[in-house]
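Welcome! Please take a look at the structure below, and then read on for a short briefing on its domains and one of its pockets.

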Amino acid sequence: MSRLSYKIFGALLLTVLLSVGLTSFAANQLTASQFRQYIIRGNTEFITSVESALGTYYAQYQGWDNVNGVLIQLLGSNGGRLVLSDASGLIVADTQNKWIGYQADEYSLSNGTLISISGTDAGYLYWIGSQGSGSGSGYGKGMQSGQNNSGNAAAGIISESQQQLLDEMNRSIWLSGGLAGLAALGLGLLLASQIIRPLKALSRSARRIAGGELSQRVKVDSRDELGELAESFNHMAQSLETNEQSRQRLLADIAHELRTPLTVIEGTVDGILDGVFEADAQHLTTIKEESATLTRLIKDLRDISLAESGKLKLEMTQLDIADIIRRQAKQASILAKDKSIALLSDIPANLSTVTGDATRLNQITANLLSNALRHTPAGGQISLSLKNMLYRDKPGIMVSITDNGEGIPPADLPHIFDRFYRVNTSRARSEGGSGLGLAIVKEMAEAHGGYVWAESSLGKGSTFNYWLPASHT
Ligand code: ADP
């Protein structure tokens, strides 16, 4: 048993013992006292009726002659023993016929009940409790015939059979208390095991995950807090596994991306050293270009890792996004002209301002424009447009860059913002694309509290949109 089971078992045992013990004890006390009350009431009624009958007898016969038979009759099936003495204490009747003729002393007289008829002391009645035990105490109840004044002490004389009944009842209470306790304990242990079992499974799986088995999951078989815990655990395990997979993929991608330019540089340098290539401008330019690719790749990776870890420092100012778009359009227009691509802009007045980092917003726009330029054929068209737009009920500005290039296949569209994702791997690489451009755009836009998305129709062109929240005014 684990330590938690010990604790739960201990707590249960203590609770059951305390509650069952206290309840049984209270029930015992209550039963005994109620039983005594009941007996006393019965005894009181009995002795009153005996006294009354004796009073009538005395009044009728002017003495106690032959009273013994009457006394035996009066005792009937009642427990104990009745003894009657005359006013002087001389015993005149005894239901056990043992003390007749004996003189009761003062002490015995004080334990008896005085029977007085119309002011005259007629005798004393003694009721001795347990038959034969000799321990029965005298029963006293003042009585004056004709008035039946109930008066002084009333003792709870309990006969042996009544005592047996009481003991039996008490035993039953303790027994049922014990049985109820055992049942509660058993049920409690069953419930405790239902709590402990999933916890044990969780801790087993957690240990396995710590040991590197990231595919570990626990079974969710309840909808309570434990079920929620198991579900959260599975989510955590899932995200650990996904993160680990994407970490491994990222490492492989980075290694792959670094290898291509490095191989070119190494090959060119080796060729020059071996005298195969001339150390001329052409080969040196190749080395320079590949080095520039490596530098760009490292810069992009740094940007992405900073953005992903939330450590990207943004110098936020309130700015007019139209200015940025105009500047970027101007820069792109040179390349567009070279490729005979028409670059159109639609920038309306009264646009909201946004709060953002001008350098990063320039970077977003430049990346999207450079992609559009790369994917639009000569004679094609790129248009830039801006508008105030509510996105998920929040006011902001949407920037759209639309080209009429080759478009993106629907199967690739959901992945183009992933790191190192390229639609046409060889072509993209030969054009200098690292596959990180859109991933950077996405991270930057989200760092500004914005969104980015793309729409495309294969063979017709693509539109890349980014939305930034308007400044609070
Ligand atoms: P790259 O550096 O390779 O361009 P990006 O992350 O910028 O990487 O883009 C990812 C992929 O999305 C590209 O390989 C390209 O195939 C596709 N893509 C991006 N922009 C466009 C566009 N305007 N038209 C068609 N395809 C595009």
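The protein in this predicted model is divided into domain 1, residues 217-312, and domain 2, residues 315-469. Taken over C-alpha atoms, the centres of domain 1 and domain 2 are 23 Å apart.

**Where the domains meet**

- Domain 1 brings 17 residues to the contact, and domain 2 brings 14 residues.
- Between them, domain 1 and domain 2 bury about 1400 Å², and 60% of that area is on carbon and sulfur atoms.
- On the domain 1 side, the residues that lose the most area to domain 2 are Glu-257, Ile-304 and Leu-312; together they account for 33% of what that side buries.

**Salt bridges**

- The interface of domain 1 and domain 2 is crossed by 3 salt bridges.
- Glu-308 and Arg-419 join their side chains in a salt bridge, with 2.9 Å from N to O.

**The second largest pocket**

- The second largest pocket holds about 380 Å³ of space.
- It is lined by 19 residues, and those closest to its centre are Arg-197, Pro-198, Ala-201, Lys-219 and Asp-221.
- Helix H4 (160-210) and helix H5 (225-273) each supply at least two residues of this lining.
- H4 gives the most to the lining of the pocket, with 8 residues.
- Sorted by class, the lining of the second largest pocket has 7 charged, 7 nonpolar and 5 polar residues.

How values were computed:
Residues numbered from 1 in each chain as written. Predicted model: local features only at pLDDT ≥ 70, side-chain atom pairs only at ≥ 80, totals over all residues. Heavy atoms only, no water. 1 Å grid on protein atoms, 1.4 Å probe; cavity = no way out; pocket = protein on both sides within 12 Å on 5 of 7 lines; lining within 4 Å. Points joined across faces, edges and corners; volume = space filled by probe spheres on them. Helix = DSSP H or I, 4+ residues; strand = E, 2+ residues; numbered from the N terminus. Nonpolar A, V, L, I, M, F, W, Y, C, P; charged D, E, K, R; others polar. Domains from an automatic or database assignment. Contact = heavy atoms within 4.5 Å. Buried area = accessible area lost by both parts, 1.4 Å probe. Salt bridge = Lys/Arg side-chain N within 4 Å of Asp/Glu carboxyl O.
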